[in-house]
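Here's a quick tour for someone meeting this structure for the first time. Have a look at it, then read on.

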Amino acid sequence: MAKCCVLFVATMCLASLLVASADWNILNQKTKSGLKISLRNYCESWRINVELNNIREFSVVPSECTDYIGKYMSEAQFKADSEATIEECTLYLNTHCEIKKDGKDAWIFDIDDTLLSTVPFYKKHGNGGEKLNATDLEGWMAQGKATAIDYSLNFFNDIKRRGMQIILISSRKEYLRDATIDNLVDAGFHGWKSLYLRGAEDECMKVEEFKGGVRKELVKNGYRIWGILGDQWSSIKGVETGRRPFKLPNSLYYVS
Ligand SMILES: *[C@@H]1O[C@H](CO)[C@@H](O)[C@H](O)[C@H]1NC(C)=O
């Protein structure tokens with residue numbers, strides 16, 4: 001009887017696994033070349049190719065990988081990967097930046113998933129598996145409850161101590177300015193030089209163009225952009241990307 005029960009439970013588990021992972025055949029999955037891989041291998045390949053900017057413009061995380069990505073984003077590996085990014089930024093600053101401290105040395109930051117975490121929002125929306133509802137996301141942002149990403153806060157303060165100007169460029173809309181400032185301050189971010197958000201006239205532009213346009217203006221005004229820290233390729237590509245752009249990992253969504 002007990003044995004039968006275990007078997008029954010095991011069968012049910014396997015059945016639910018097969019259902020949960022949609023069309024993924026977990027028992028016999030092969031790549032095109034015939035290499036046998038697991039669902040985990042498959043999802044990790046997807047994730048790393050997002051980071052490499054080979055997979056672009058995805059609107060949702062593939063359904064068979066939402067559990068994997070949700071787990072990655074909330075466990076130690078994501079934090080370790082992100083902290084390694086910050087360490088590289090610090091190493092670069094220590095070894096390659098001779099700043100003048102004349103008020104024109106600048107470092108640029110994104111806001112969402114660079115300084116403030118939207119992971120809790122995405123967790124509630126299928127770990128990137130649901131098509132983004134902008135109204136819902138902006139409603140969540142308007143509440144101003146996003147928490148600081150601790151290693152980014154430390155780095156932000158490090159930049160400040162070095163006497164560099166902090167410039168924030170975000171694809172958040174202009175109407176969220178007050179909520180965004182309140183949220184940043186509540187989360188511990190103080191002392192940035194300027195905050196650029198997307199006005200109505202910028203909304204028809206791609207994010208990469210908008211952010212590039214702001215950087216071009218900064219350079220025209222004499223700023224030396226030493227680096228950018230962002231979580232999206234659209235934040236670190238395009239014109240005037242500074243001396244060294246750095247990308248934090250983010251497998252939950254793609255902003256083009
Ligand atoms: C987005 O969510 C709101 C409510 O939160 C809903 O009224 C609206 O229909 C949704 N939009 C889409 C495109 O699904």
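Which residue just after helix 2 takes a positive phi? Asn 53 does, with a phi of about 65 degrees. Helices here are DSSP runs of H or I with at least four residues, strands are runs of E with at least two, and both are numbered from the N terminus.

Before going further, keep in mind that this is a predicted model: local features need pLDDT of at least 70, side-chain atom pairs count only at pLDDT 80 or more, and totals for chains, interfaces and linings use all residues. Residues are numbered from 1 along each chain as its sequence is written.

How confident is the predictor? pLDDT is its confidence in each residue, from 0 to 100. The protein chain has a mean pLDDT of 90, with 89% of its residues at 70 or more. Residues 1–22 are another story, with pLDDT below 50. Where pLDDT is low, the predicted coordinates should not be read in detail.

The protein chain holds ten helices and five strands. The five strands make an open sheet in the order 3-2-1-4-5, with parallel pairing (two strands pair if DSSP finds at least two bridges between them). At the edges sit strand 3 and strand 5, each pairing on one side only. Strand 2 and strand 3 run parallel and are joined by four bridges, and Ile 169 stands opposite Tyr 196 in strand 3.

Here are some of the elements with their residue ranges:

| Element | Residues |
|---|---|
| Helix 2 | residues 39–51 |
| Helix 4 | residues 76–96 |
| Helix 8 | residues 177–186 |
| Strand 2 | residues 165–173 |
| Strand 3 | residues 194–198 |
| Strand 5 | residues 244–247 |

Now for helix 8. Its buried residues are Thr 180, Asn 183 and Leu 184. A residue counts as buried if 20 or more other C-beta atoms lie within 10 Å of its own, as exposed if 12 or fewer do, and as partly exposed in between, with C-beta atoms placed from the backbone. Seen down the axis of helix 8, the buried residues fall within an arc of 100 degrees (taken from the directions from the helix axis to the C-beta atoms), so they line one face of the helix. Those buried residues pack against strand 2, while Asp 178, Asp 182 and Val 185 are exposed on the other side of helix 8. After helix 8 comes Gly 188, whose phi is positive, near 110 degrees.

Across the whole protein chain of 256 residues, 29% count as buried.

Notes:
pLDDT is the predictor's confidence in each residue, from 0 to 100. Two residues are in contact if their C-beta atoms, placed from the backbone, lie within 7 Å. The expected span of a helix is 1.5 Å times one less than its number of residues. Axes are lines fitted to C-alpha atoms, for helices over the stretch in contact, and angles run from 0 to 180 degrees between N-to-C directions.
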